[in-house]
Amino acid sequence: MAENLHFLHIEDNPRDAELIEAELRQEWPDCRYVLVSREHELSDALAGGTFDAILGDYSLPEYDGMSALFFVLRHSPETPFIFVTGAMGEEMSIEALRSGATDYILKSRLAKLIPAINRALRDKNTEAERLKLHDQISRSNREWQSTFDSISDSIALIDPGQRIMRCNKATSVVLGRKFEEIINQPCWKLFHGADAPISDCPMSRARLSLHSEKTTIKRHGRCLEVTVDPILSDSGVLTGAVHIVRDVTEQVNLVNSIKEVNELFRLFMKYSPIYCFIKEITDKESRVLQASENFVDMTGIKSQDMIGKTMHELFPPEFADKITADDRRVIDLKEVLCLEEHLNGSTYITYKFPIELADGRRLLAGYTIDISERKRSEESLRDLQSQLMQQEKLATIGQLAA
């Protein structure tokens, strides 16, 4: 025990007070001892500081011992109160202990005083530790529940029979039910409106696999992803599970939109009458990411065989160097480029323009139009125009000669 304990003694007999103080100082030489005998003195003492233990006579000429006990219980309930009295019947002893006294010692048996104080101090420390632990547990529970409730996903703890033992606020929102209407109800009844677990119940699968299982359900026009994470004992036995419901409607809609766009893009690349392509531009190379299926008509190479290939893997070196240089120019200058190219005896017009993605990647998109037929038509037209001009010249000379 600590040496510098602080005692308050309620006693009107100076001789008894000396004897009790001597007992205390024999055990704790450095203890502080305060003696009072009247109500206002007790009040002032308690207002002026705290005490490790309070000793009080049961019979006081100017003050009642039980009144002193009740006063202490109101103003310092954590402080042990031990009656040290000359005479105390069994009924009074029981009444005092029931009223809140820690113990009682007869003045004729002061040898029991120090053990009684030590016992009271141990109990006080134990109670203080218990209250401290209880406060820590309560605070942790409040913090845990606050964190639990702040999660936007519905989270519930379910037992092996799939009854909800605990849940957060989001669960109440998702189900549209009050907390007391959820607890102890089976999850399949609340979430699926069924009388038994559904055929694709993730809890049923988790019970067999002992691993996380999930499924997707529809509820009130929303798409919900249900995940069940099993809770296992040290011996590997399933003792419950964490039941998580996440609203994935927006994600599902986004995925479906992306799939739709990808399908439209695939169809466009398949049936486009012009040659379309997308490339990724690195420091030294241009690599094909997408190409329309009719590129085989231009290059003799199937579009699926072009994906991931560089220009030097697809074309002759001189032509590949030219394409790569043009691609770099589009990316570096960030401008649209229109080129006339010649390949395998055909003439093409190619438009290229830069694309910069949010992640910093630099892409190049473009399309190529085969103008060979138009070129031939233009050549034929020029030939016809030249022949017509020649005929007109001959006709003019004939007229002059005539």
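Predicted model: local features only at pLDDT ≥ 70, side-chain atom pairs only at ≥ 80, totals over all residues.
A salt bridge is a side-chain nitrogen of Lys or Arg within 4 Å of a carboxyl oxygen of Asp or Glu. A search of the whole structure finds 21 salt bridges. Side chains of opposite charge can pair when their charged atoms come close. Several of the pairs are described below.

Asp327 has a relative accessibility of 0% and counts as buried. Lys352, at 2%, is buried as well.

Glu280 and Arg361 are joined by another salt bridge, with a distance of 4.0 Å from N to O. Glu280 is partly exposed at 22% relative accessibility. Arg361 is also partly exposed, at 36%.

The side chains of Arg205 and Asp200 meet in a further salt bridge, at 3.3 Å from N to O. Arg205 has a relative accessible area of 26%, which makes this residue partly exposed. Asp200 is partly exposed too, with a relative accessibility of 36%. Elsewhere, salt bridges link Glu11, Asp16, Asp57 and Lys107 in a network.

Helix packing was examined for H1 and H5. Helix H1 spans residues 14–27, and helix H5 spans residues 113–150. The two pack at an angle of about 60 degrees. Their axes are 10 Å apart. The crossing of H1 past H5 is right-handed. On the H1 side, the contact involves Ile20, Glu23, Leu24 and Glu27. On the H5 side, Leu113, Ile114, Ile117 and Asn118 take part. Five residues of this contact are nonpolar, one is polar and two are charged.

The cysteines were also examined. A disulfide is a covalent bond between the sulfur atoms of two cysteines. The structure holds zero disulfides. For a disulfide, the two sulfur atoms must lie within 2.5 Å. The cysteine sulfur closest to that of Cys201 is in Cys187, at 5.8 Å, so the two are too far apart for a bond. Cys201 is buried, with 6% relative accessibility. For Cys338, the closest cysteine sulfur is in Cys276, 15 Å away, and this distance is also too far for a bond. Cys338 is partly exposed, at 44% relative accessibility.

Thr79 is placed in the loop between helix H3 (65–75) and strand E4 (81–85). This threonine is buried, with a relative accessible area of 6%. Neighbours within four places in sequence were left aside in listing the contacts of Thr79. On that basis, Thr79 is in contact with Phe51, Asp52, Ala53 and Ile54.

Notes: Residues numbered from 1 in each chain as written. Heavy atoms only, no water. Buried < 20%, exposed > 50% of the residue type's maximum accessible area, 1.4 Å probe, protein only. Axes fitted to C-alpha atoms, helices over the stretch in contact; angles between N-to-C directions. Helix = DSSP H or I, 4+ residues; strand = E, 2+ residues; numbered from the N terminus. Left-handed = near helix turned anticlockwise from the far one by under 90°. Contact = heavy atoms within 4.5 Å. Nonpolar A, V, L, I, M, F, W, Y, C, P; charged D, E, K, R; others polar.
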